[in-house]
Structure formats: C-alpha cells, structure tokens
Amino acid sequence: MPRMAQFVLALIVGLAILTWAASGVVQTTAREWFERDVNTRARLVLAGATQSMANSWYSEDEDLQKQLRGLLRDERVMGVSVCNADLSQRTSTPGFPEEFDCLAVGSRVRAPEEGSNELQEWSTVATLPTGRVHVSVMPVEGLERQFGFVVLLHDLSYIERREAQARTFLLIAFAFLAVLAFGLPMFVTKWARYGWSSELRSVLRGDGKQSREFQPILSDVRALVERMANEKEDVPGQWTAERLKQTLNRHLHGEKIVILANREPYIHQRTIDGEIEVQHPASGLVTALEPVMRACSGVWVAHGGGDADREAVDRNDHVRVPPGEESYHIRRVWLSEEEQQGYYYGFSNEGLWPLCHVAHARPLFRAEDWRQYQAVNQKFADAVCSEVDSKDPIILVQDYHFALAPAMIRKRLPAATVIVFWHIPWPNAERMGICPWRNELLDGMLGASIVGFHTQLHCNNFVDSVDRYLETRIDREHSAVVMQGHRTLIRPYPISLEWPVRWAENAPSPEDCRAQVWREFGLKPNALLGVGVDRLDYTKGIEERLLAVERLLEQHPEFRGRFSFAQLAAPSRTKIERYHALNEMIEGLAARINQRFGSAGYQPIILLRFHHEPPEVFRFYRAADVCYVSSLHDGMNLVAKEFVAARTDLKGVLVLSEFTGAARELTEALIVNPYDLEASSNALAAALMMPLEEQKDRMRSMRSLLVQFNVYRWAGKMLVDAARVRNQERVTGRLAGRSAVSSTL
Ligand code: F6P
C-alpha cells in the first residue's frame with residue numbers, strides 16, 4: 001500500500017477511536033441532563049398531583065384513580081402508586097411493578113431519625129428487565145399531617161434510544177466529515193496534478209500551447225525527463241518482443257513504424273509445379289528486422305522481386321505477413337529491368353558494395369547507374385511517404401541501397417524522424433573518396449536524424465568522411481553532425497538475432513539433426529562435420545574457407561576420410577559478372593579438393609549451391625562439429641550468431657573471421673585471419689579436437705551474451721534514441737519558435 005494511503009488510513013482509524021471515546025462522554029453527559037430533566041418534571045408533576053390528592057384523600061378511591069389515569073396521559077409515565085403512611089397500598093395504576101411496592105419504597109422515604117415516621121421526598125434511577133426507570137416519591141401532606149406518599153415511575157428507555165440515535169448521527173457526521181476532509185484535498189490535488197502533468201506532457205511533446213507556468217523550469221524538467229528516461233531504458237534485464245512493444249508505446253505513442261529496405265522478408269515464388277510458395281530470403285537484414293516488425297507492426301516497403309509477388313498483393317500493392325500470423329504488411333514497389341540493372345546490380349552492388357567492403361574487388365561507378373539509383377531512391381521515398389499515417393512518422397531506412405532516400409523523405413515530411421541503419425562496413429575517408437558521388441551520398445544520409453552502424457569504427461569512418469567532403473559542423477563530443485541547422489546523431493548499434501530464435505526452438509534435437517544429415521550424405525559414424533552458410537558472395541571468404549579446409553587435410557592426415565565441410569551457398573546477384581565468376585570458381589575449387597582428398601564414400605567438400613529455407617539451415621548448424629565464418633570484411637555477420645543460437649546442446653565450435661563485427665562480441669569463438677591459411681586450418685583442427693567441456697564453456701558464454709544483446713535491444717535502443725531526438729526537436733523547435741534543431745543532445 002502506498003505510504004500516503006497508509007497515513008490516511010491510520011489517521012482515519014485514530015480519529016474513529018477518538019470519535020468513539022468522545023461519543024461516550026457525550027452520552028454520559030446527555031444522560032445526566034435527561035435524568036435531571038426527568039427528575040424536575042417528576043417533582044413538578046408530583047407537586048401538583050400530591051396537592052390535589054391531599055384535598056381528596058378521604059374521597060372515594062375512584063377519585064384518586066381518576067387522577068392517576070390523568071397522570072398516565074403522559075406517555076413517559078409508566079405507572080403511579082399511592083401508598084398510605086403505614087406503607088400499605090392505597091391504589092395504583094394497572095401493571096405497576098411490584099419492585100416498587102409501598103413497602104419496598106417506604107423504607108427509603110422514612111426520615112433517618114430514630115423513631116420518626118416522617119415521610120420525605122426521594123428519587124432514584126433503577127434498572128428493570130424492561131429497561132431503566134426513574135423512581136420519584138413525594139409525600140401527600142394535609143395541613144397537620146402526612147397522609148401517605150405517591151410513587152411515580154418514568155420510563156427512561158427513550159433516553160437510551162436517543163443516545164443510540166445521537167451516537168449514530170455523530171458517527172455518520174464524522175464519516176462524512178472524514179470523507180470531506182481527506183477526499184476533497186486528495187481530489188483537488190489529483191485534479192491539479194492531472195492538469196499539470198498533461199500540460200507538462202504536451203509542452204514536452206511540443207504539441208500543446210506554450211505554458212507560462214512551466215516556462216521558467218522547462219529546460220530543467222526536460223533534462224530530468226531525459227535522464228529518467230535514460231535510466232529507465234538502461235535497466236538491466238532481457239529485451240523481449242513484449243518489452244520492445246511497451247517501449248514503443250511509451251515513447252512513440254503507438255505510432256506506425258515504416259521500414260524501407262530493398263529486400264522483402266517474404267518472397268512469393270512460383271514452383272515448377274505451378275504452385276506459389278513463400279520463401280524466406282538469405283539476408284542478414286531480413287533475419288534481424290523481421291522479428292522487430294512482428295513485434296512492432298507497421299509497413300515494410302520493399303522491392304517486389306518474387307516472380308509471383310504481383311499475384312499476392314491487393315490493389316494497393318500490400319500483402320499481409322507473416323503467412324498465418326499477419327501482424328504487419330509489405331508494400332511492394334515494382335522495378336523495371338533497367339531500374340534493377342542500374343540501381344540494384346549497378347550502383348548498389350557493383351559500386352557501393354565493393355567500395356564499402358575491403359575485399360579487393362574494384363568498385364564500378366557508371367553515370368547511368370547513378371541516375372537510376374537517384375530515380376529509384378525517389379520512387380521508394382515517395383512510396384514511403386504514401387504509407388505514413390501522420391506528419392511525423394518514424395521511418396527506418398535500411399542499408400546502402402537507399403543513401404539518398406533520407407533527405408528525399410525529409411523534404412516531403414520535415415517533421416519525420418528518419419533513422420538510417422547501414423548494414424555493411426563504412427570505409428575510411430580516403431577510400432570513400434573514390435566514389436564520384438560521395439558528397440551526394442553523404443548529403444542524402446544526413447537527412448536522417450540518426451545514422452547507425454554496427455561498430456564504433458564505422459561511425460568514426462563516416463564522421464571522418466563527412467568532415468573531409470562536406471561543409472558541416474562536427475560535434476565530436478556527442479558524435480553528431482550539424483549541416484545547415486539539421487543535426488544527425490552517428491551511433492553504433494550492433495545488430496543481433498531475436499531471442500530465442502524461433503527456428504532453433506522448432507528444430508528437431510541436435511542428435512536427430514545429426515542423424516538426418518549423416519544419413520543424407522552417407523557420412524561414417526566417426527565422421528566430423530564443418531558447416532558454412534552464406535550467400536555466394538566474394539566478401540564472405542568462401543574461397544579462403546575451402547582453401548583452409550584443404551590445408552587442414554594436408555597438415556592433418558588424421559582428418560582425411562573423416563572430416564567433411566558442408567557449404568550451403570545461396571546464389572546471389574548472379575547477373576553480376578563477378579558473382580558469376582565466383583560461382584564457377586567455388587565449384588571448381590570444391591571439385592579440385594574433392595578430387596585431391598576424396599575417395600569412394602568420402603567427399604571432403606559438400607557444396608550445396610541453392611537456396612535453403614531456415615529450418616534446413618538450422619538442421620545443419622545443429623548437426624555440425626564446427627562452423628567456419630571466414631568473411632573478408634563484414635558489418636556484423638549473423639550466421640555466426642545463428643550458429644551459437646542453434647546450439648541449445650552447447651556443443652560445437654565457432655571459428656570466426658576477425659574482420660566481422662561479430663568478432664567484437666563473440667570473443668569465445670576461435671578468432672582467425674581468414675587470409676592466413678595456416679592459422680585458419682590450425683584453428684579448424686583445434687576446433688575439431690576441442691574437449692567437450694571447453695566447447696560448452698565457450699558456447700555457454702556466447703549464448704549468454706546473445707540472450708542480452710538480442711535484436712529487440714538493438715531496435716529498442718535505436719527507437720528510444722529516435723524518440724529522444726524527436727522530443728528534443730519538438731521542444732527545442734518550439735522554444736526557438738522554429739522546427740530546426742540547434743541544441744546539443
Ligand atoms: O550485408 C548487407 C545486406 O543487405 C545484408 O543485410 C544481407 O544479408 C545482404 O546484403 C542481402 O543482399 P541482397 O539483398 O542483395 O541479396
């Protein structure tokens with residue numbers, strides 16, 4: 001119970017006791033007053049009655065009876081008895097109680113002197129089974145002698161009734177006053193507090209009238225609110241879909257989230273049987289963002305790239321997903337062959353992709369690709385603007401396909417909060433300088449309120465690039481860039497997985513997965529299995545990976561005939577010559593190694609060059625002894641995290657390239673330089689020979705990190721930062737009388 005309520009309760013109980021005691025005093029006093037009153041009345045009545053009885057003492061009893069009946073007209077008179085001086089009964093009203101017969105009362109009315117027969121007045125209060133009575137006795141006196149006496153009984157039960165009524169009234173009055181005394185101030189306080197807090201909230205949101213009351217303390221209050229919000233969001237404990245949802249509701253008042261990403265989370269494809277099937281694309285971006293979207297709902301604007309995508313949408317190009325759950329929808333944007341060629345294959349994947357990855361592929365920048373990139377960015381920005389349901393939506397722009405979209409969106413929706421997340425590395429300023437349109441790209445991205453990368457290093461590279469190529473003010477203390485009055489925060493947000501990962505939850509046990517894979521590929525009972533899962537991309541170091549396996553077999557003959565490496569390779573960007581060549585090269589390399597070390601019933605490299613749905617991928621993760629992630633350069637790499645998530649049995653070893661963002665977090669993996677074939681093959685050998693206890697220790701530690709640093713935390717942190725920027729922009733904008741932001745965060 002809150003302390004205030006406890007205090008009020010104690011006060012009420014105390015006052016009730018006091019009132020009860022006070023009512024007792026009131027009762028005694030009132031009773032004395034009533035009895036004195038009755039006594040006086042009785043004496044008055046008796047004075048008159050005894051006078052007239054004295055006059056008619058010697059008349060018939062009938063006369064006396066008449067007088068007694070007259071006395072009984074007073075409803076409070078219970079009875080009257082007339083006694084002779086010798087204490088014998090003269091007459092009485094019917095039913096007169098025998099407790100007060102002449103003899104009993106006579107002893108009280110005799111004068112105390114020895115031998116005296118004189119009668120005296122006397123009165124008392126007595127209790128009968130029927131209640132309390134007032135007894136009053138007065139002598140009947142003639143001129144010379146006393147004839148006898150009259151006993152008058154008054155019923156006092158009405159006094160008790162009045163006492164009870166008075167007490168009830170007092171308690172009701174107390175209760176009423178208590179309610180009034182406590183309720184009224186509480187109501188007034190609550191009402192005033194409600195008024196103040198809603199006014200304060202609207203001032204802080206920036207959508208209320210300018211409040212004069214809060215003006216002097218507004219900046220203090222704002223600072224306090226921000227500090228409290230920070231503390232609240234930084235509380236330890238696991239982030240879940242539910243917590244993310246609550247955070248969104250608290251900070252963003254349930255606004256719809258709009259995600260812009262080139263790749264859609266569900267692709268409708270027509271199978272060779274003519275059926276439409278829904279595919280999950282091989283994409284780290286989708287792996288991470290799809291659970292966030294399921295938690296937050298909203299719209300995911302993406303290129304409709306599946307061959308049956310058009311058949312699945314409604315007339316607004318919307319399709320509700322996930323199938324069967326339908327918690328958000330995809331808005332599909334259609335691209336012509338030319339647009340795809342210039343924007344996706346050309347500028348994004350032949351220009352920016354090799355520019356940002358240090359993987360020794362030369363970037364190609366063509367003017368026509370750039371034109372398409374600009375046009376398609378505008379097309380998607382327009383699609384996003386048509387999907388929003390307020391003038392200040394939250395828009396999450398994903399990846400290098402949309403560097404220009406943030407500024408385009410801001411132009412149409414100046415109050416929107418745009419967050420860019422760049423899923424690939426950002427090169428150093430010198431390398432960025434290669435791009436002929438570097439200034440336009442940076443300018444486009446700075447249309448966002450927040451630009452996020454996986455690592456601090458990439459944030460630093462971005463800020464250095466801005467510093468080198470644009471006229472801006474760099475606020476290094478707060479890691480922000482201010483360009484023409486607009487402020488953009490540059491922040492690291494290392495991406496992750498949902499936790500628990502649903503594919504791991506629903507998968508068969510690791511033993512069953514192992515048995516299935518062993519059966520499927522005819523592996524010997526004592527075989528050892530390595531796994532790699534990637535899009536067929538030159539940045540993934542698949543060539544180096546296979547060469548490391550070859551080196552392992554060269555250096556460690558004990559693994560020949562026993563160790564096989566399954567490479568799940570999803571074809572990707574196959575229209576680009578470089579990818580095409582990679583495809584062929586990997587196939588040739590696998591064939592050569594198999595030729596060199598394979599034998600009847602033993603294949604060192606199992607190359608599976610087709611798309612695998614997540615349940616199949618998780619089957620391999622759970623079956624394998626080792627997973628090798630050998631990226632030559634990677635923003636994060638979620639395959640590494642997926643392998644750890646899949647190993648609910650704590651078995652298996654992760655060998656991880658030092659050039660991935662993941663290597664900064666999964667430090668219990670065997671970290672290698674994939675270019676160093678000696679070191680990599682040694683790490684593979686160490687992994688295959690690692691004692692079970694050590695495997696479990698390492699896996700347990702990595703899993704405990706992923707539990708905490710999951711994708712709900714990633715999204716939560718980013719959205720909370722966005723909410724703060726938004727609040728600050730609103731308040732600062734209002735205080736300055738304009739919407740531009742110029743204060744520090
Ligand atoms: O690494 C950047 C990225 O967008 C990833 O998020 C994703 O895994 C991959 O590229 C997908 O590429 P694409 O959409 O071209 O197949």
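**Strand pairing and helix packing in the predicted model**

Strands β4 (residues 131-141) and β5 (residues 146-155) run antiparallel and are joined by 9 bridges. Within this pair, serine 136 stands opposite leucine 152 of β5. The description given here rests on a predicted model.

The pair belongs to an open sheet of 5 strands, ordered β2-β1-β5-β4-β3, with antiparallel pairing. Strands β2 (89-92) and β3 (122-128) stand at the edges; each has a single partner strand, so one side of each is left without a neighbour in the sheet. From one strand to the next, the twist averages 20 degrees. Helix α2 (residues 61-71) packs on the sheet, where it touches β1 (77-84) and β2. The direction of α2 makes about 45 degrees with that of β2. Helix α3 (residues 102-109) lies across β1, β2, β3, β4 and β5, and runs at about 110 degrees to β5.

At the level of the whole protein, the division is into domain 1 (39-162), domain 2 (241-492) and domain 3 (509-709). The C-alpha centres of domain 1 and domain 3 lie 119 Å apart.

Helix α21 spans residues 677-689, 13 residues in total. The distance from its first C-alpha to its last is 18 Å, close to the 18 Å expected at 1.5 Å a residue. At the N-terminal end, α21 is capped by aspartate 676, a side-chain oxygen of which lies 3.3 Å from the backbone nitrogen of glutamate 678. The buried residues of α21 are Ser680, Ser681, Ala683, Leu684, Ala685, Ala687 and Leu688. These buried residues pack against the helix α17 (542-555) and against the strands β18 (528-535), β19 (563-570), β21 (626-629), β22 (653-657) and β23 (670-672).

The other helix is α22 (residues 692-708), in which glutamine 695 is placed. Glutamine 695 has a relative accessible area of 12% and is therefore classed as buried, the cut-off being under 20%. When residues up to four places away in sequence are not counted, glutamine 695 touches Leu650, Lys651, Gly652, Val653 and Met690.

Terms used: Residues are numbered from 1 along each chain as its sequence is written. This is a predicted model: local features need pLDDT of at least 70, side-chain atom pairs count only at pLDDT 80 or more; totals for chains, interfaces and linings use all residues. Side-chain values use heavy atoms; hydrogens and water are left out. Domain bounds come from an automatic or database domain assignment. Helices (H or I, at least four residues) and strands (E, at least two) are DSSP runs, numbered from the N terminus. The expected span of a helix is 1.5 Å times one less than its number of residues. Buried means under 20% relative accessible area, exposed over 50%, partly exposed in between (1.4 Å probe, protein chains only). Contact means heavy atoms within 4.5 Å. A polar contact is a pair of N or O atoms within 3.5 Å; within protein, one must be able to donate a hydrogen and the other to accept it, and residues adjacent in sequence count only if both atoms are side-chain atoms. Two strands pair if DSSP finds at least two bridges between them. Axes are lines fitted to C-alpha atoms, for helices over the stretch in contact, and angles run from 0 to 180 degrees between N-to-C directions.
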